[in-house]
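Dear colleague,

I am handing over the structure below, followed by notes on what was found in it. Please read the notes with the coordinates open beside them.

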Amino acid sequence: MHKGMKVLGILLLFLGLIFSTGNLYKWWKGKQSVQTISSTISESNSYSEEKEPRFNEKMAVGAKEEKDQQTVENVSTLKHNFSLGQKIGKLIVPALNKSYSLYWGTNPSVLSQGVGMYVSRWTTVPNAKKGHTVLSGHRDTVFTGLGKLKKGDIFWVTFNGQKRKYRIEKIWVTDANDRTVITKKKKPTLTLTTCYPFDYIGNAPERYIVQSSLISN
């Protein structure tokens, strides 16, 4: 009996180490998509960095070769056929001195990479005329500093070879099951979401929402 308990204890310890190592790897992997940017960047100047790859308009389902690029961008995220987890751009947050790689989709495997772009019939890719772009990330990896942002702070988003500038209009906390956050918008809108409270252990019961409007492109 004593020997059996000892073996069980060793097995549980071994499983605990595997679990801890797995979580540590996921945390490390997510952190790799975050880069520190110059603290001199402010809302008064433009953000410049290496160019993001421009995606061929043929990647939009049903798009004709002669269609204007803006027309292609006006369709919802469902009209695009990027690969799940594909890097599609960057989110730049000068107030946090951070730049985040953006990936297609928001399932667990994608969010383990970094910030994901929500794909649905209600959301769009970053757009100059209308639509709602929703980006999500884990509070303990990429979006650890989201609570430091305030109304009026600036975001930059690079997508398809273009940079667009957004200003925070509203910040609030809602229930984890509140689906009204992901809705269609007539004006170009960018929303960031993450779990809340930030220091909660386990599955957080709420969501932290940061919503911004396009001010230049």
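Asn-160 counts as buried, at 2% relative accessibility, where buried means under 20% relative accessible area, exposed means over 50% and partly exposed lies in between (1.4 Å probe, protein chains only). This is a predicted model, in which local features need pLDDT of at least 70 and side-chain atom pairs count only at pLDDT 80 or more, while totals for chains, interfaces and linings use all residues. Residues are numbered from 1 along each chain as its sequence is written, and side-chain values use heavy atoms, with hydrogens and water left out.

Asn-160 sits in the loop between S6 and S7, the strands being DSSP runs of E with at least two residues and the helices runs of H or I with at least four, numbered from the N terminus. Its phi is near 55 degrees, a positive value in a residue other than glycine, and the hairpin of S6 and S7 that holds Asn-160 has two residues between the strands. Most residues other than glycine have a negative phi, and most peptide bonds are trans. Asn-97, which is not a glycine either, also has a positive phi, of about 55 degrees, and is found in the loop between S2 and S3. Asn-97 is partly exposed, its relative accessible area being 24%.

A further backbone feature is the cis peptide bond between Tyr-196 and Pro-197, with omega at about 0 degrees; Pro-197 belongs to the loop between S8 and S9.

**Overall make-up and strand pairing**

The protein chain has three helices and nine strands, which follow one another from the N terminus in the order α-β-α-β-β-α-β-β-β-β-β-β. Of its 217 residues, 42% are buried. If contact is taken as heavy atoms within 4.5 Å, then 63% of the contacts between residues at least 6 apart in sequence join residues at least 24 apart.

Strands are said to pair if DSSP finds at least two bridges between them. On that basis S7 and S9 pair in the antiparallel sense over ten bridges, with Ile-171 having Val-210 in S9 as its bridge partner and Arg-167 standing opposite Ser-213 in S9. S8 and S9 are likewise antiparallel, over eight bridges, and here Leu-190 stands opposite Ser-212 in S9. S6 and S7 form an antiparallel pair over six bridges, in which Phe-155 has Tyr-166 in S7 as its bridge partner.

**The nonpolar core**

A nonpolar core is here a set of buried Ala, Val, Leu, Ile, Met, Phe, Trp, Tyr and Cys residues joined through side-chain atoms within 4.5 Å. The largest one has 27 residues, of which Leu-91, Tyr-100, Leu-135, Phe-143, Phe-155 and Leu-192 touch the most other members. Two or more residues of this core come from each of strands S2 (87-93), S3 (98-104), S4 (115-117), S6 (154-159), S7 (162-175), S8 (189-196) and S9 (206-216).

Which residues does Phe-143 contact, leaving aside its neighbours within four places in sequence? The list for Phe-143 comprises Leu-91, Tyr-100, Val-115, Leu-135, Ser-136, Gly-137, His-138, Leu-192, Thr-193, Thr-194 and Phe-198.

With best regards
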